[in-house]
Amino acid sequence: MVWYAQERFSVRLEWGIEAVEQLGQTADCIIIVDVMSFSTCISLAVDNGARVYPYPWKDESAIAYGSEKGAIVASTERRLKSNGYSLSPCSLKDIEQGARLVLPSPNGSAISFRAKDSGAAVFSGCFRNMAATARACRHFRRILVIPCGERWPNGTLRPAVEDLVAAGGIISYLAEKTWSPEARAAASAYHQNSPYGLSTLGECASALELAEKGFAEDVVLCLNVNVSELACRLQRDAYIAV
């Protein structure tokens, strides 16, 4: 057993794309948590009956990938709803049923794209579908929860508290499983924040960044709790409802 693999426990937690690289092969199920905003965008789109294709690169290759999948390519920059689809959750609130959308992002999308080759079932989870995600994953024996985090200007991982708390919320609904210390710490973070209705997370670094850029409404959507009954699973390159 590799010392960091958490193999003694059925629910494990580790950060970022390296979690897929190092632990993905030892999991039956991977839950990717990128609250602000990839996972929230996935949940909103899937609730409306859309299919979302994660893609890791925010360049011209995304256009070719979209053409291959017969899909619209979301803007690589966050935009207001009136300017088309993007990583702004508000831009996806009214996406049409049956729409196909490529959603490029360097965190949740890149990790999803890598995880699909791990052999594990891959899910995207956030605050709005915590309970549904846990229900869909409960029957798997080895569950790896990955809070994605953000990036510092030099490209290194910046752990994001909102991803940690949402990951802990999903883990809390898996009470019948054994939790690694890492998973247990995330669940504790969720229970410390949940008495406040997660309102304190409206002042976390990621939320302040979005509000400063004019996307305060996105923050509100990202902090909605269990408003969706649908889990989002990656099937044939696209996230769909289960």
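This is a predicted model: local features need pLDDT of at least 70, side-chain atom pairs count only at pLDDT 80 or more; totals for chains, interfaces and linings use all residues.
**Exercise 1. Helix 1 against helix 4**

Task: Classify the packing of helix 1 and helix 4, then describe their contact.

Solution. 
Step 1. Helix 1 covers residues 16-23, and helix 4 covers residues 108-115. Their axes lie 9 Å apart, at an angle of about 10 degrees.
Step 2. Angles under 35 degrees count as roughly parallel. Helix 1 is therefore roughly parallel to helix 4.
Step 3. Helix 1 brings Gly16, Ile17, Val20 and Glu21 to the contact. Helix 4 answers with Ala110, Ile111, Arg114 and Ala115.
Step 4. Sort the contact residues of helix 1 and helix 4 by class: five are nonpolar, one is polar and two are charged.

**Exercise 2. Helix 5 against helix 6**

Task: Work out how helix 5 and helix 6 are oriented, and list the residues of their contact.

Solution. 
Step 1. Helix 5 (residues 130-137) packs on helix 6 (residues 161-172) at about 50 degrees. Their axes are 8 Å apart.
Step 2. The two helices are therefore oblique to each other.
Step 3. The crossing of helix 5 past helix 6 is right-handed.
Step 4. From helix 5, Met130, Thr133 and Ala134 take part. From helix 6, the partners are Ala166, Gly169 and Ile170.
Step 5. By class, the contact of helix 5 with helix 6 has four nonpolar, two polar and no charged residues.

**Exercise 3. Helix 6 against helix 7**

Task: Determine the orientation of helix 6 and helix 7, and name what joins them.

Solution. 
Step 1. Helix 7 spans residues 181-193. Its angle with helix 6 is about 100 degrees, and the axes are 7 Å apart.
Step 2. Angles of 65 to 115 degrees count as roughly perpendicular. Helix 6 and helix 7 therefore fall in that class.
Step 3. Helix 6 contributes Leu164, Val165, Gly168, Gly169, Ile171 and Ser172. Helix 7 contributes Ala183, Ala186, Ala187, Ala189, Tyr190, His191 and Asn193.
Step 4. Eight residues of this contact are nonpolar, five are polar and none is charged.

**Exercise 4. The largest pocket**

Task: Describe the lining of the largest pocket and say where its largest share comes from.

Solution. 
Step 1. The largest pocket has a volume of about 510 Å³.
Step 2. Its lining holds 20 residues. Nearest the centre lie Lys58, Arg78, Leu87, Glu150 and Glu209.
Step 3. Strand 8 (150-151) and helix 8 (205-212) are the elements that give two or more residues to this lining. Helix 8 supplies the largest share, three residues.
Step 4. By class, the lining of the largest pocket has nine charged, six nonpolar and five polar residues.

Methods. Residues are numbered from 1 along each chain as its sequence is written. Side-chain values use heavy atoms; hydrogens and water are left out. Axes are lines fitted to C-alpha atoms, for helices over the stretch in contact, and angles run from 0 to 180 degrees between N-to-C directions. Helices (H or I, at least four residues) and strands (E, at least two) are DSSP runs, numbered from the N terminus. Angles under 35 degrees count as roughly parallel, over 145 as roughly antiparallel, 65 to 115 as roughly perpendicular and the rest as oblique. A crossing is left-handed if the near helix is turned anticlockwise from the far one by less than a right angle, and right-handed if clockwise. Contact means heavy atoms within 4.5 Å. Ala, Val, Leu, Ile, Met, Phe, Trp, Tyr, Cys and Pro count as nonpolar, Asp, Glu, Lys and Arg as charged, and the others, Gly among them, as polar. On a 1 Å grid over the protein atoms alone, a cavity is a set of points where a 1.4 Å probe fits but cannot get out, and a pocket is an open set with protein on both sides within 12 Å along at least five of seven lines; lining residues have an atom within 4 Å of a point. Grid points are joined across faces, edges and corners, and a volume is the space filled by probe spheres set on the points.
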